[in-house]
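Here is a set of questions and answers on how the terms used for this structure are applied. Each answer sets a value against its definition.

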Amino acid sequence: MGLLDKAFEMLGDNHLPLMDSRTRLLQAALSLIANNGQSGGLHGLAERFQEAGLGNIMRSWIGAGPNLPASASQLKQVLGEGQLQQIAEETGYTEEEAAEHLSEMLPDLIDQLTPSGHVPPGGVGNMSALLDHFMGGYH
């Protein structure tokens, strides 16, 4: 089951029947940080960055101040080929394009979800709440 399939399963039938690649990429990105997502939520994703030796990048996205950039190759390192391939298939992008777009999208998403400079103890919310926040209830 793909990331978006899992996201849609969590949401029930309340999703757009037709979505462009950018929307599907946003949903894939949100599924990486959602409490009920495949990566163990934002806490889990932060751990994966730490394990890859890139914890400082994730800390900059969560904390106050400027966000450090993450390259597509660094994101590939954190996510792994399997998960990135899955995202690419679901979005219609190549793996390289998916990694590049995610490297641009994730810092802003995570920064917006952590305005106090830390991950809330209960996480950033489930997939449905995140979609409401970022898509204005259009799912």
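Q: Which residues touch the most other members of the largest nonpolar core?
A: They are Leu30, Ile33, Leu45, Phe49 and Ile110, in a core of 40 residues. A nonpolar core is a set of buried Ala, Val, Leu, Ile, Met, Phe, Trp, Tyr and Cys residues joined through side-chain atoms within 4.5 Å. The model is a predicted one, in which local features need pLDDT of at least 70 and side-chain atom pairs count only at pLDDT 80 or more, while totals for chains, interfaces and linings use all residues. Residues are numbered from 1 along each chain as its sequence is written, and side-chain values use heavy atoms, with hydrogens and water left out.

Q: What does Leu30 touch, not counting residues up to four places away in sequence?
A: Leu30 touches Leu109, Met127, Leu130, Leu131 and Phe134. Contact means heavy atoms within 4.5 Å.

Q: Why is Leu84 called buried?
A: Its relative accessible area is 0%. Buried means under 20%, exposed over 50%, and partly exposed in between (1.4 Å probe, protein chains only), so Leu84 counts as buried. Leu84 is in helix α5, and beyond four places in sequence Leu84 touches Lys76, Leu79, Glu95, Ala98, Ala99 and Leu102.

Q: What makes α4 mostly covered?
A: In α4, 6 of its 8 residues are buried. They are Gly55, Ile57, Met58, Ser60, Trp61 and Ile62, and these buried residues pack against α3, α5 and α6.

Q: Why is His101 called partly exposed?
A: His101 has a relative accessibility of 22%, which falls between the buried and exposed cut-offs, so the residue counts as partly exposed. His101 lies in helix α6. Leaving aside neighbours within four places in sequence, His101 is in contact with Arg22, Leu25 and Tyr93.

Q: How do you know that Glu96 forms a salt bridge with Lys76?
A: The closest N and O atoms of the pair are 2.7 Å apart. A salt bridge is a side-chain nitrogen of Lys or Arg within 4 Å of a carboxyl oxygen of Asp or Glu, so this pair meets the definition. The pair links distant parts of the chain, with Glu96 in helix α6 (residues 95-113) and Lys76 in helix α5 (residues 72-91), 20 residues apart. A search of the whole structure finds 1 salt bridge.

Q: Why are Glu96 and Lys76 not called buried?
A: Glu96 is at 42% relative accessibility and Lys76 at 23%, so both count as partly exposed.

Q: How do α2 and α5 pack?
A: The angle is about 145° and the axes are 9 Å apart. Axes are lines fitted to C-alpha atoms, for helices over the stretch in contact, and angles run from 0 to 180 degrees between N-to-C directions.

Q: Which residues meet where α2 and α5 are in contact?
A: Ser21, Arg24, Leu25, Ala28 and Leu32 in α2 meet Leu79, Gln83, Ile87, Glu90 and Thr91 in α5.

Note on methods:
Helix = DSSP H or I, 4+ residues; strand = E, 2+ residues; numbered from the N terminus.
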